[in-house]
Amino acid sequence: MAADKLNEAKLSTMEENKENATEDGIGLEILQIIKDSQQQHGLRHGDYQRYRGYCSRRLRRLRKTLGFKCGNRHKFTGKKVTVDMLSDNKYSDNRYLLLVLMEAERAWSYAMQLKQEANTEPRKRFHLLSRLRKAAKHGERLEKLCESPRVDAKTKLEAQAYTSYLSGMVRFELQEWKAAMEAFNKCKTIYEKLASAFTEELAVLYHQRVEEISPNIRYCAYNIGDQNAMNELMQMRLSAGGGGGMMAEKLEALITQTRAKQAATMSEVEWRGRTVPVKIDKARIFLLGLGDNEAAIAQAANEETKERLYETLLAECRDTIQAVREELKTEAKQRERSDDAGGKVSNLQFLHSYLTYIKLWTVVKRNESMAHVLQAKLKETQPDENKRGPRPQDLIRLYDIILQSLTELSSLQGLEEDHTFQKEVALKMLVYKAYRCFFIAQSYVLVKKWSEALVLYERVLKYAKEVQSKAKSLNNSLKDLPDVQELITEVNAEKYSLQAAAILDTEDTPEAPTQQNVRDNTPLCERLETFHLDPALVGKQPNLVQFPPDFQPIPCKPLFFDLALNHVAFPPLDDKVEQKGKGGLTGYIKGIFGFGS
């Protein structure tokens with residue numbers, strides 16, 4: 001923590017030195033300062049509380065450095081920077097302007113923090129408006145200070161644009177659309193003029209600011225009565241690129257609010273010949289924006305943007321399905337109380353099936369789009385051999401998910417008796433089975449399993465011809481599906497390539513020496529160095545080892561005294577041997593009476 005504060009102090013000192021370096025009068029790079037500070041202190045991740053703490057610390061350092069303290073720890077003494085002070089050489093330092101700017105930024109960042117928290121705590125909205133008004137008031141003070149003749153023209157224009165932006169934010173939150181639009185337009189005009197007056201490197205920052213406030217201008221225009229504003233918001237959403245960030249989040253919020261107002265006029269939806277009333281607001285908003293989302297996906301400039309839009313659509317669809325499920329639980333409880341177990345699918349259940357259909361079909365289209373990208377990369381030659389490129393196995397996984405989604409489509413509640421729908425789903429499954437089978441064959445080709453690959457290619461042709469024969473009875477069923485005729489052409493070409501590769505692989509293989517069937521009674525364990533085709537090895541009694549094994553002489557373990565016997569010297573036993581030599585009864589009697597001693 002101490003190291004962060006030290007780095008922060010060094011950074012602010014460098015910025016202040018840069019701010020002081022002006023040629024004519026007092027100058028302050030307002031937009032450059034606030035953008036650098038925001039990016040380096042939390043706003044890159046949307047952490048407004050961290051940025052507010054940074055503004056407070058920097059204000060304290062500025063007041064201490066300039067000797068511009070508001071009293072002491074015991075008593076507060078209000079002290080403000082005025083225009084007359086800037087006219088005095090003693091106060092001719094742009095850090096006095098920076099002081100007011102940081103006060104405005106602190107109030108603004110606190111308001112944005114409260115705006116995030118107001119989603120769950122609505123009462124904080126009053127505090128949010130108070131902080132925004134405070135920020136606008138500090139902005140007006142900054143603009144008034146810049147009216148001093150000692151402040152250069154660029155700083156005056158930037159101060160006017162900054163004040164207009166804060167004023168527009170206040171009016172926007174108060175839903176005063178006309179006043180907000182005028183303030184934002186004034187800010188936009190000033191930044192566009194500044195961008196045209198400087199080099200491209202300096203103009204980039206002003207153009208980014210213009211892009212940030214453009215969605216707010218269009219939303220204000222829509223609320224005033226401009227019906228073309230919604231289309232422009234959708235175009236801005238596409239131009240936001242593949243990444244997220246504050247710009248994309250702001251566009252999503254604005255579009256959602258616009259749809260919420262339009263959804264009040266929507267009451268029903270028609271699907272598969274049945275009209276279903278839509279009473280859930282979340283479902284109305286989602287279905288109202290479904291066409292716009294699909295059009296945006298179709299107009300996406302690159303695959304990254306298309307993938308992001310698919311994920312956004314799926315997330316909205318899941319939330320809507322969850323809301324409908326909650327209503328279904330309530331409906332089921334009411335049916336249990338009324339003992340109504342009617343066989344017909346209710347309108348709410350049919351709406352749930354429709355939303356599930358949208359989700360599953362979106363998953364199919366997303367995976368198909370990803371498969372097209374991988375297939376294009378698969379045909380390209382990889383410049384870096386060490387880098388792993390896409391493989392046919394990757395596409396097999398995508399088509400597995402597609403087939404799983406189609407299987408779930410066929411079991412949707414309320415569509416069991418819809419034979420046309422079931423036939424369409426079965427036809428789609430055949431198409432994707434053909435593609436899945438094709439890439440399985442491609443994976444076998446990579447490992448040179450020619451016969452298996454050839455069989456799978458024939459299976460692909462079988463699926464494709466079956467699709468063509470069934471598609472004649474189902475009009476417009478193949479308009480959203482891949483073209484099977486292109487697949488047939490590609491499979492025929494691959495078959496010829498496969499046969500040629502198999503022949504070349506056979507010719508390149510060195511001829512193995514012909515082995516004759518040799519009947520050898522030697523066990524396998526004793527002839528591992530040589531190879532013989534012995535049919536007995538795969539029979540019921542293979543000759544692997546000799547059993548029972550032959551007897552082999554092995555040395556015994558010697559005992560201790562067996563080794564030491566040759567080195568032991570025994571005592572003489574001659575006297576005892578002689579005594580034992582005298583035998584008979586006479587010798588025994590003599591021994592008793594001592595005659596023999």
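1. Start in helix α17, which covers residues 450-471. E466 and K470 are four residues apart there, so about one helical turn separates them. An α-helix has 3.6 residues a turn, so residues three or four places apart point the same way. The side chains of E466 and K470 meet in a salt bridge, with N and O 3.3 Å apart. How exposed are the two partners? E466 is partly exposed, at 27% relative accessible area. K470 is partly exposed too, at 38%. Keep in mind throughout that this is a predicted model.

2. Salt bridges can also share partners. K35, R209 and E212 are joined into one network in this way. A search of the whole structure finds 18 salt bridges. The next two points pick out a pair each.

3. Look at D400 and R436. Their closest N and O atoms are 2.4 Å apart, and the pair forms a salt bridge. Which parts of the chain does this pair tie together? D400 lies in helix α15 (residues 392-410), while R436 lies in helix α16 (residues 419-446), so the bridge links parts that are 36 residues apart in sequence. D400 has a relative accessible area of 27%, so it counts as partly exposed. R436 is also at 27% and is partly exposed.

4. Now find K124 and E117. Their side chains form a salt bridge at 2.6 Å, N to O. K124 is partly exposed, at 23% relative accessibility.

5. Turn to helix packing. Two packed helices are described by the angle between their axes and the distance between the axes. Take helix α14 (residues 347-379) and α16 as one example. Their axes are 13 Å apart, at an angle of about 25°. Are the two helices parallel or perpendicular? Angles under 35 degrees count as roughly parallel, and α14 and α16 are therefore roughly parallel to each other. Their crossing is left-handed.

6. The crossing of α7 and α9 is left-handed.

7. Check helix α2, residues 30-40. Which of its residues are buried? The buried residues are I30, L31, I33, I34, K35, S37 and Q38. Just after α2 comes G42, with a positive phi of about 115°.

8. S148 sits in the loop between α6 (124-145) and α7 (153-173). Is S148 buried or exposed? At 0% relative accessibility, S148 counts as buried. Now compare sequence and space. S148 and V83 are 65 residues apart in sequence, yet their C-alpha atoms are 6.0 Å apart.

9. Two residues other than glycine have a positive phi. One is Q175, with phi near 60°. Q175 is in the loop between α7 and α8 (177-197). Q175 is exposed, with a relative accessible area of 52%. The cut-off for exposed is over 50%, so Q175 passes it. The other is K448, with a positive phi of about 60° although it is not a glycine. K448 lies in the loop between α16 and α17.

10. Finish in the loop between α18 (484-508) and α19 (560-564), where V545 is found. What makes the nonpolar surface patch? L544, V545 and F547 make it, and it covers about 350 Å². The peptide bond from F547 to P548 is cis, with omega near -5°. P548 lies in the loop between α18 and α19.

Terms used. Residues numbered from 1 in each chain as written. Predicted model: local features only at pLDDT ≥ 70, side-chain atom pairs only at ≥ 80, totals over all residues. Heavy atoms only, no water. Salt bridge = Lys/Arg side-chain N within 4 Å of Asp/Glu carboxyl O. Buried < 20%, exposed > 50% of the residue type's maximum accessible area, 1.4 Å probe, protein only. Patch = residues over 30% accessible without salt bridge, like charges linked within 9 Å, V, L, I, M, F, W, Y side chains within 5 Å. Areas by Shrake-Rupley, 256 points an atom, 1.4 Å probe, with all protein chains shown as cover. Axes fitted to C-alpha atoms, helices over the stretch in contact; angles between N-to-C directions. Parallel < 35°, antiparallel > 145°, perpendicular 65-115°, else oblique. Left-handed = near helix turned anticlockwise from the far one by under 90°.
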